[in-house]
Structures are given as structure tokens and as C-alpha cells.
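Biologist: I would like to go through this model one feature at a time. Please give the general idea before each case.

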Amino acid sequence: MSLRLGSIAPDFEAETTTGPIKFHEWIGDSWAVLFSHPGDFTPVCTTELGEVARRAPDFEKRNVKVIGISANGLEDHHAWVKDINEYGGKVAPTNVEFPIIADDDRKISTLYDMLDAQDATNRDAKGLPYTIRTVFVIDPKKIIRLTLAYPASTGRNFDEIIRVIDSLQLGDKYRITTPVNWNKGDDVIVHPSVSNEEAKTLFPDFTIHKPYLRTTPLKVD
């Protein structure tokens, strides 16, 4: 099964560092970020999970739940979290509280097509592939809204992931899209489906640059 934007995120049951979950039930009415990391006790992943832990307030205020996954068991996960918190503390106070899925049989990684088909060094002792750095952003309807895939050698930019979540959430609430390099608070683009007459009511301060390109400030809470 190929997962695309607009696909329903496959449901599953799993053991995690915070207890067993049913994925859709765990998401509930929230947004979710499901992100894979190649393996426990690995350097790039250690920096990433520490960053996600420190950004917990940013995800929480956007109604986003975060959950990690790798092809390791719970015992390794729990031991590794101690390392993440210790190393992360060199940057700022770090406390990993989000769940990490145990997927040593790779069932969920296979379900979400996360396994590395490229890097011959990204393997376990048996030669089985670990995951790449995949990201799925899933909305409250359990629809996949964003996918990203980074190689094992490159850490992710979580500022960018949060930026896209901001764009998606605003686009769901208002009839807008966001331009290149947009950040929350910048002007947005009036959606092409909005007529100029509608725009006068919806976005009184909009500017017409081209018939197909109109921008407007957007004041949000």
C-alpha cells in the first residue's frame, strides 16, 4: 500500500515507553507527528529526540501529539531516554515524555514504508534495515497531511515541521495558502477559490499583485 497525502494513516496497536496504544485512539481529536529514527543509542537521533522533547510546549499549543518509533525494543528505549535527557541537558533542560514505539519486528515500519533501502550501513547486527528519518503529520481526521523523508545521516529541522503545521492549521481555518519561506505572522496568499468580492469581506486589507496572486495580512489569536 502506498501512503500519499490524503491517505488515511493506517491504524495499529503498539507497545510504547508510556504504555500500550491503539494509534487512532491515541491521536483522538489532536493532530499527530509520527517520526521514525534509525536506531537507539545513535548520535543524530539522540540530538533529534532531545530537541523534540524541548519543543513540547510548541507542539502542545498547536494541539499536536508527538510519537517516535524505531526498530528497537522497550528496554533499549527506556535506557536510551536517560542518555537523551543527559546529553540534551547540555543544550537546555530536556525531559523526554512523549511515547516511543517499540518496533523491533518492524511491522509498523513496514506498514508505513519507513525502512532504509539505500544506506548499507543503516542495518542491525543481523543485516536487517533500520528506518530512515520519516515524518508523518496527521490531522484529527487521521488523514496524512505531510510526509518527509530524510536520510539516516541528516538530522531533521523541527522548525520546518512546526512551520508546516502552522500553515496546514491556518489553511484549514481560513481560505488561504502560504508563500515561499512563510512564517507565522507573515502575509498569506488568498486562496484562488475566493473571488475578489468575497475577499473584500474576508480579507479587507488584501492586495492584488496579479489576477492569480493576492496577499493579505492575517490576524490570528
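**Helix, core and sheet**

Modeller: H6 has 16 residues and spans 23 Å from its first C-alpha to its last, close to the 22 Å expected at 1.5 Å a residue. The expected span is 1.5 Å times one less than the number of residues, and helices (H or I, at least four residues) and strands (E, at least two) are DSSP runs numbered from the N terminus. This is a predicted model: local features need pLDDT of at least 70, side-chain atom pairs count only at pLDDT 80 or more, and totals for chains, interfaces and linings use all residues. Residues are numbered from 1 along each chain as its sequence is written, and side-chain values use heavy atoms, without hydrogens and water.

Biologist: Which residues of H6 are buried?

Modeller: An α-helix has 3.6 residues a turn, so residues three or four places apart point the same way. Buried means under 20% relative accessible area (1.4 Å probe, protein chains only). In H6 the buried residues include Phe158, Ile161, Ile162, Ile165 and Leu168.

Biologist: Which residues have the most contacts inside the largest nonpolar core?

Modeller: A nonpolar core is a set of buried Ala, Val, Leu, Ile, Met, Phe, Trp, Tyr and Cys residues joined through side-chain atoms within 4.5 Å. The largest has 25 residues, and Val33, Phe35, Phe59, Val66, Phe98 and Val137 have the most contacts inside it. H6 gives the most to this core, with six residues.

Biologist: What is the strand order in the open sheet of four strands?

Modeller: Two strands pair if DSSP finds at least two bridges between them. Here the order is S8-S9-S11-S10, with antiparallel pairing. The edge strands, S8 (176–177) and S10 (207–210), each pair on one side only.

Key: Buried < 20%, exposed > 50% of the residue type's maximum accessible area, 1.4 Å probe, protein only.
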